[in-house]
Amino acid sequence: EIVLKEFKEFQEKFENKKCEIIRFELLSRHGTRNPSKKDIKTLTKLYNFIEQHKQTLLFQLQTQTQKQTQIKNLIKKILNWQVLNEIDAGQLHALGQLELFHFGQRTAKRFDTIFQHKYHSNIFGLQSTQSPRAAASAQSFIMGAFKPIIEQLPLPPTFITMNPKTNDTELRFFENCDNYAQRKISIDKKKEEPIEIYKNIAQKVNQIFTQVKEEELLNYSKAIWKACMHQMAGVLLNQNENEPFWCSFITENDINELELYDDWYKYETAGYANSINYKIACNLVSDIILGINKTITNSTKQIAKLRFAHAETVIPLLTYLGLFKDEKSISYFDKTNRFEKRLWKTSLISPYAANVVFVLYKCSNSNFFDYQIMIEVNEQPVPLPFCSTNNSYYCNVFQFINYFTDARDSNCQFNEICYSTK
């Protein structure tokens, strides 16, 4: 409701200039998902470790004093904890369905001049990666944004475009670029783990698993952090409970450190650390510009294109646009080059259901039409750093298009960037 109220006030100021929305472009990350296969394997090792020490934990429950109620409750939660089967790995969680459903509802209310139309595949382009969670997110959004055409059907029949997984250079470019993949492999081989933080976690866990040496517990610190992250997102919680109890082994300071570590890694593999990280998003930007141009020249019936993909799609797009760029590069291991108040916080800019919206306005200005574009990130307008209009949220559309010359001219040179041996 707060978002809707702020947007209404924001819109009223602009609509005084006699502007109307004529096109809507969206890129959304999928909603909250289940852990990946890799994470489930890691978490299963933690689960097996608990099973191995189950009798010791049960004995502790019986011997704990009344003053140790907190530890007793924690042991109970650990013993009741379950891991998902691999068949459910990566699937869109029920929370993720709701996130996209409500996002669709809010979007339809805020941009009612666009979403007043009934769903039609020629009017609303719908695209996702060849991933069940992305396609399910698209369907959940549509259910929220549009009323059923037939009362008995909660979801309007939809047509979702998907490029083949092995040839998707618009939404899954990060998996279809050899040079990018080689660079990421090199980073993964060289990166150091935040061992000191994992030691702190092992030390805390040792208060429960008192018979186990800290050195052995260190093997499960990363799994505990993974479990904590998923529980904070509302996944892997015990039945009828909402408490992310695995996080009780991690101090607030250590969580901040681990967040910085994750931000550093995303900065290196999807951010400003190397231009290939965002140049590979050129075909996506080119498709957005193509849609805008077609609307301006009145050569399409389509008024919106709705895309659903991944964090690895959203972050490079934000970087391509020059958003959330700090004055200094992000560093974790260089203790002299660290700063807490940074723009590059991936937990804020690319959470589940993160979204980037491009809104095209047609404004009457005396005897000619003026076209303006506004960018929103996670339903909040953001000024574009290259648009010289006094930090305004609106940018002349031709200034916007001309800034991205490669994307504008459909000259992204994807193959040269990704397969050149230079």
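**Close-up views of a predicted model**

Helix 13 (276-279), helix 15 (311-320) and helix 18 (405-408) each give at least two residues to the lining of the second largest pocket. Helices are DSSP runs of H or I with at least four residues, and strands are runs of E with at least two, numbered from the N terminus. This is a predicted model, in which local features need pLDDT of at least 70, side-chain atom pairs count only at pLDDT 80 or more, and totals for linings use all residues. Residues are numbered from 1 along each chain, and side-chain values use heavy atoms, without hydrogens or water.

**View 1. The second largest pocket holds about 370 Å³ of space.** Of its 19 lining residues, Tyr-278, Lys-279, Tyr-320, Tyr-403 and Phe-404 are closest to the centre. Helix 18 contributes the most, with 3 residues. The lining has 12 nonpolar, 4 polar and 3 charged residues. Lining residues have an atom within 4 Å of a pocket point; a pocket is an open set of points on a 1 Å grid where a 1.4 Å probe fits, with protein on both sides within 12 Å along at least five of seven lines.

**View 2. Helix 9 (residues 195-205) crosses helix 11 (residues 221-232) at roughly 85°.** Their axes come within 9 Å. The two helices are therefore roughly perpendicular (65 to 115 degrees). Tyr-198, Ile-201, Ala-202 and Val-205 of helix 9 meet Ser-221, Lys-222 and Ile-224 of helix 11. Contact means heavy atoms within 4.5 Å.

**View 3. Tyr-361 sits in strand 4 (residues 355-365).** Tyr-361 is buried, at 1% relative accessibility (the cut-off is under 20%, with a 1.4 Å probe and protein chains only). Tyr-361 and Met-374 lie 13 residues apart in sequence and 8.1 Å apart in space, C-alpha to C-alpha.

Key. Grid points are joined across faces, edges and corners, and a volume is the space filled by probe spheres set on the points. Ala, Val, Leu, Ile, Met, Phe, Trp, Tyr, Cys and Pro count as nonpolar, Asp, Glu, Lys and Arg as charged, and the others, Gly among them, as polar. Buried means under 20% relative accessible area, exposed over 50%, partly exposed in between (1.4 Å probe, protein chains only). Axes are lines fitted to C-alpha atoms, for helices over the stretch in contact, and angles run from 0 to 180 degrees between N-to-C directions. Angles under 35 degrees count as roughly parallel, over 145 as roughly antiparallel, 65 to 115 as roughly perpendicular and the rest as oblique.
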